[in-house]
Amino acid sequence: MNYAVSPRIELIGHSQCVIEGLQGIVEYNCDKIKVNLGKYNATFFGDNLFINAFSYEGAIIEGTIVSLEFEGNG
């Protein structure tokens, strides 16, 4: 894994988010998706959330995104 690359999050309106530099999925359900970004976790809250695309490089989250929260990852 390349830890020198900073994660990148691009919100597109309130219905889509493109994440690059993703290291893993921590929690996944239709109201909350938490992803590991290395030093931080990012948690998406909303309605009908789902991961539309997932690869080694990143993911695309879709649904109605209501809020985004960051927390330190130990």
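Analyst: Let us begin with Lys39, which counts as exposed because its relative accessibility is 67%. Buried means under 20% relative accessible area, exposed over 50%, and partly exposed in between, with a 1.4 Å probe and protein chains only. Lys39 is placed in the loop between E4 and E5. The model is predicted, so local features need pLDDT of at least 70 and side-chain atom pairs count only at pLDDT 80 or more, while totals for chains, interfaces and linings use all residues. Residues are numbered from 1 along each chain as its sequence is written, and side-chain values use heavy atoms, with hydrogens and water left out.

User: What does Lys39 touch, not counting residues up to four places away in sequence?

Analyst: Contact means heavy atoms within 4.5 Å. With residues up to four places away in sequence not counted, Lys39 touches Glu71, Gly72 and Asn73. The C-alpha atoms of Lys39 and Phe54 are separated by 20 Å, and these residues are 15 apart along the chain.

User: How should I read the confidence of the protein chain, and where is it lowest and highest?

Analyst: The term pLDDT is the predictor's confidence in each residue, from 0 to 100. In the protein chain the mean pLDDT is 92, and 93% of the residues reach 70 or more. Confidence is lowest in strand E3 (residues 24-28), at a mean of 95, and highest in E6, at 97.

User: What do the letters and numbers of the strands stand for, and in which order do the strands lie in the sheet?

Analyst: Helices (H or I, at least four residues) and strands (E, at least two) are DSSP runs, numbered from the N terminus. Two strands pair if DSSP finds at least two bridges between them. Strands of a sheet pair through backbone hydrogen bonds, either parallel or antiparallel. Here an open sheet of six strands has the order E1-E2-E6-E5-E4-E3, with antiparallel pairing. Strand E1 (8-12) and E3 stand at the edges; each has a single partner strand, so one side of each is left without a neighbour in the sheet.

User: How many bridges join E1 to E2, and how many join E2 to E6?

Analyst: E1 and E2 pair in the antiparallel sense over five bridges, and Arg8 stands opposite Glu20 in E2. E2 and E6 also pair in the antiparallel sense, over five bridges. On that side, Glu20 stands opposite Gly58 in E6.

User: What is meant by a nonpolar core, and which residues touch the most other members in the largest one?

Analyst: A nonpolar core is a set of buried Ala, Val, Leu, Ile, Met, Phe, Trp, Tyr and Cys residues joined through side-chain atoms within 4.5 Å. The largest has 13 residues, of which Ile19, Val35, Phe44 and Ile61 touch the most other members. Strand E2 (16-20), strand E4 (32-36), strand E5 (40-54) and strand E6 (58-72) each supply at least two residues of this core. Its largest share, four residues, comes from E5. Leaving aside neighbours within four places in sequence, Ile61 is in contact with Ser15, Gln16, Cys17, Ile19, Ile33, Phe44, Phe50 and Ile51. In E4, four of the five residues are buried.

User: How many disulfides are there, and why?

Analyst: A disulfide is a pair of cysteine sulfur atoms within 2.5 Å. The count comes to zero disulfides. The sulfur of Cys17 is 18 Å from the closest cysteine sulfur, in Cys30, which is too far for a bond. Cys17 counts as buried because its relative accessibility is 0%, whereas Cys30 is partly exposed, with a relative accessible area of 44%.
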